[in-house]
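Me: Hi! I have a protein open on my screen and I'd like to talk it through. Could you help me get my bearings?

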Amino acid sequence: MVACSDSWYRMSPGKRVVYAIAGINAAVFAMWQVPRLMPKMTKYFLHDPRTGRAYTLLTSTFSHREVWHFAFNTIALMSFGSAVADRMGAEQFTAFYLSAGVISSLANHVLSPLRPLAILPALGASGAVYAVVGATMMYFPNSQIALIFLPFLPFTISQAFPLLMAYDLAGAVLGWSTFAHWAHLGGGAFGMAYVQWGEKWWRELVKTVEARRLK
């Protein structure tokens, strides 16, 4: 316990936030594996545009049923999230990530009806993770990455991320049901837009709150 606590407090505040999010994802994933919890999990952690439940826009972003989905999103979050969280700060990154989760879910909710046959319940952190990757590209455009399917070919994130977005755009337009393509596009666009404009709004918000606190 002492060793674990020491390792935890040696981490930067941003990295601790990323690990905390990954821990929540892991807990929700574990609950999906308990058959008797399935009705509750479907109600509270699966977003279906046809149910009218708005809170699942957020809760579904911490939810994964398949191990490959959980592992892929967690690895991506851990790979990109720490640098972005350290750049933004723990508080701003938390707000950014939660907002990205809601906005990516909302994008999937609103835009999926453009192709009614593609309206399916959705869950997963992919949209929020796309936002993190988009922010990474804005902050560190020349970062070298390796794609999981092409591990021996180096790419910069500025080369790889637009390709991923183009793939999702094709999937959204053509109605592929492999992934929640609208959520990916919404999350990626939000991540890039936030770095461009959102940080300024955050600083103004912090100044306003601090000024009111001093009064």
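Predicted model: local features only at pLDDT ≥ 70, side-chain atom pairs only at ≥ 80, totals over all residues.

Me: What box do the C-alpha atoms fill?
Reply: Taken along the principal axes, the box is roughly 50 × 40 × 40 Å.

Me: What share of the residues counts as buried?
Reply: Of the 215 residues, 40% count as buried. The accessible surface comes to about 12400 Å², and 68% of that belongs to carbon and sulfur atoms.

Me: What about contacts between residues at least 6 apart in sequence, how many of those join residues at least 24 apart?
Reply: That share is 70%.

Me: Changing topic: which residues form the nonpolar patch on the surface?
Reply: The patch is made of Val 67, Trp 68, Phe 72, Tyr 167, Leu 169, Val 173, Leu 174, Trp 176 and Phe 179. Together they have about 910 Å² of accessible area.

Me: Which helices supply at least two residues each?
Reply: Those are α5, residues 67–88, and α8, residues 157–174. The helix that gives the most is α8, with four residues.

Me: Let me pick one of them, Phe 72. Where is the place of Phe 72, and what does Phe 72 count as in terms of accessibility?
Reply: Phe 72 sits in helix α5. Its relative accessibility is 47%, so Phe 72 counts as partly exposed, a label that covers values between 20% and 50%.

Me: Now Phe 70: where is Phe 70 found, and is Phe 70 buried or exposed?
Reply: Phe 70 is in helix α5 as well. Phe 70 counts as buried because its relative accessibility is 16%, and buried means under 20%.

Me: What is Phe 70 in contact with?
Reply: Setting aside neighbours within four places in sequence, Phe 70 is in contact with Ala 22, Asn 25, Ala 26, Phe 29 and His 64. As for Trp 182, which is 112 residues away along the chain, its C-alpha atom is separated from that of Phe 70 by 19 Å.

Me: On to Thr 136. Where does Thr 136 lie, and is Thr 136 buried or exposed?
Reply: Thr 136 belongs to helix α7. Thr 136 has a relative accessible area of 5%, so this residue is buried.

Me: What does Thr 136 touch?
Reply: Not counting residues up to four places away in sequence, Thr 136 touches Phe 80, Val 84, Pro 141 and Ile 157. There is also a polar atom of the Thr 136 side chain 2.8 Å from the backbone oxygen of Val 132.

Me: Which residues does Gly 127 touch?
Reply: Leaving out residues up to four places away in sequence, Gly 127 touches Ser 104, Ala 183, His 184, Gly 187 and Gly 188.

Me: And Gln 92, where is its place and what is it in contact with?
Reply: Gln 92 is in helix α6, residues 90–111. Apart from neighbours within four places in sequence, Gln 92 is in contact with Tyr 194, Glu 199 and Trp 202. Gln 92 is buried, with a relative accessible area of 6%.

Me: Last topic, salt bridges: what does the count come to?
Reply: The count comes to one salt bridge. Arg 50 forms a salt bridge with Asp 48, and the closest N and O atoms are 3.0 Å apart.

Me: For those two, which is buried and which is exposed?
Reply: Arg 50 is exposed, with a relative accessible area of 57%, whereas Asp 48 counts as buried at 13% relative accessibility.

Methods:
Residues numbered from 1 in each chain as written. Heavy atoms only, no water. Patch = residues over 30% accessible without salt bridge, like charges linked within 9 Å, V, L, I, M, F, W, Y side chains within 5 Å. Areas by Shrake-Rupley, 256 points an atom, 1.4 Å probe, with all protein chains shown as cover. Salt bridge = Lys/Arg side-chain N within 4 Å of Asp/Glu carboxyl O. Buried < 20%, exposed > 50% of the residue type's maximum accessible area, 1.4 Å probe, protein only. Contact = heavy atoms within 4.5 Å. Polar contact = N/O pair within 3.5 Å; in protein donor to acceptor, adjacent residues only side chain to side chain.
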